[in-house]
Amino acid sequence: VQLQASGGGLVQAGGSLRLSCAASGMILSVFSGSNLAWFRQAPGKERELVAVIYTGGTTDYADSVKGRFTISKNNAKRTVYLQMNSLKPDDTAVYFCNIQYQYRNELDYWGQGTQVTVSS
């Protein structure tokens, strides 16, 4: 299984980006039975949870991105998305996707990270 994250880039404050993370080699039952999340890590800071979508479709967000970011998924495409609107310079970080199968903790996968840079 490999997770390929894409969609990062340089954007001005107030702009938008859409991140995608495609899981290749993952069977549908594992993908649909997994919690899907986006984390980010800024220079000199710890990795933090940005957004998560649980197997039942419930979502949760860090307080700093509520109302601006939206996480979604497409099971058929084995892909999780993060729509980021009203971006701020504080959102600058490397963004990582994570897929964790809820029935087996060892099935925990990370993408390679995609850089998001927001200029003021």
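## Report on a predicted single-chain model

In this predicted model, the side chain of Thr 114 reaches the backbone nitrogen of Gly 8 at a distance of 3.2 Å. Thr 114 belongs to strand β11, which covers residues 114-119. With a relative accessibility of 10%, Thr 114 counts as buried, because the limit for a buried residue is under 20% relative accessible area. Leaving aside residues up to four places away in sequence, Thr 114 touches Ala 5, Ser 6, Gly 7 and Gly 8, together with Leu 19, Ala 93, Val 94 and Tyr 95.

### The chain as a whole

Taken along the principal axes, the box filled by the C-alpha atoms is roughly 40 × 25 × 25 Å.

Of the 120 residues in the chain, 42% are buried. The chain exposes about 6200 Å², and carbon and sulfur atoms supply 46% of that area. Among contacts with a separation of 6 or more, 54% are between residues 24 or more positions apart.

### The four-stranded sheet

Four strands form an open sheet in the order β1-β3-β8-β7, and their pairing is antiparallel. The edge strands are β1 (2-6) and β7 (69-74), each of which pairs on one side only. From one strand to the next, the twist averages 15°. Strands of a sheet pair through backbone hydrogen bonds, in either a parallel or an antiparallel sense.

How many bridges join strand β3 to strand β8? Six bridges link β3 (residues 17-24) with β8 (residues 79-84), and the two strands run antiparallel. Within this pairing, Leu 19 stands opposite Leu 82 in β8, and Arg 18 has Gln 83 in β8 as its bridge partner. Strands β1 and β3 are also paired in the antiparallel sense, over five bridges. There, the bridge partner of Gln 2 in β3 is Ser 24.

Arg 40 is found in strand β4, residues 34-41. Is this residue buried or exposed, given its relative accessible area of 6%? Arg 40 is buried, because the value falls under the 20% cut-off. The side chain of Arg 40 makes a polar contact of 3.3 Å with the side chain of Ser 64. Another polar contact, of 2.9 Å, joins the side chain of Arg 40 to that of Tyr 95.

Ala 51 lies in strand β5, residues 48-53, and counts as buried at 0% relative accessibility. Beyond residues up to four places away in sequence, Ala 51 touches Leu 36, Ala 37, Trp 38, Asp 60, Tyr 61, Ile 71 and Leu 82. One of these, Leu 82, is the residue in β8 that stands opposite Leu 19. Between Ala 51 and Tyr 103 there are 20 Å in space, C-alpha to C-alpha, and the two are 52 residues apart in sequence.

### Positive phi angles in two loops

Two residues have a positive phi although neither is a glycine: Arg 78 and Ser 86. Arg 78 lies in the loop between β7 and β8, whereas Ser 86 is found in the loop between β8 and β9 (93-101). Arg 78 counts as partly exposed at 22% relative accessibility, and Ser 86 counts as partly exposed at 41%.

### Accessibility of the named residues

The table gathers the relative accessibility of the residues described above.

| Residue | Relative accessibility and class |
|---|---|
| Ala 51 | 0%, buried |
| Arg 40 | 6%, buried |
| Thr 114 | 10%, buried |
| Arg 78 | 22%, partly exposed |
| Ser 86 | 41%, partly exposed |

Note on methods
Residues are numbered from 1 along each chain as its sequence is written. This is a predicted model: local features need pLDDT of at least 70, side-chain atom pairs count only at pLDDT 80 or more; totals for chains, interfaces and linings use all residues. Side-chain values use heavy atoms; hydrogens and water are left out. Two strands pair if DSSP finds at least two bridges between them. Axes are lines fitted to C-alpha atoms, for helices over the stretch in contact, and angles run from 0 to 180 degrees between N-to-C directions. Buried means under 20% relative accessible area, exposed over 50%, partly exposed in between (1.4 Å probe, protein chains only). Contact means heavy atoms within 4.5 Å. Accessible areas come from the Shrake-Rupley method with a 1.4 Å probe; for residues, only the protein chains shown count as cover. A polar contact is a pair of N or O atoms within 3.5 Å; within protein, one must be able to donate a hydrogen and the other to accept it, and residues adjacent in sequence count only if both atoms are side-chain atoms.
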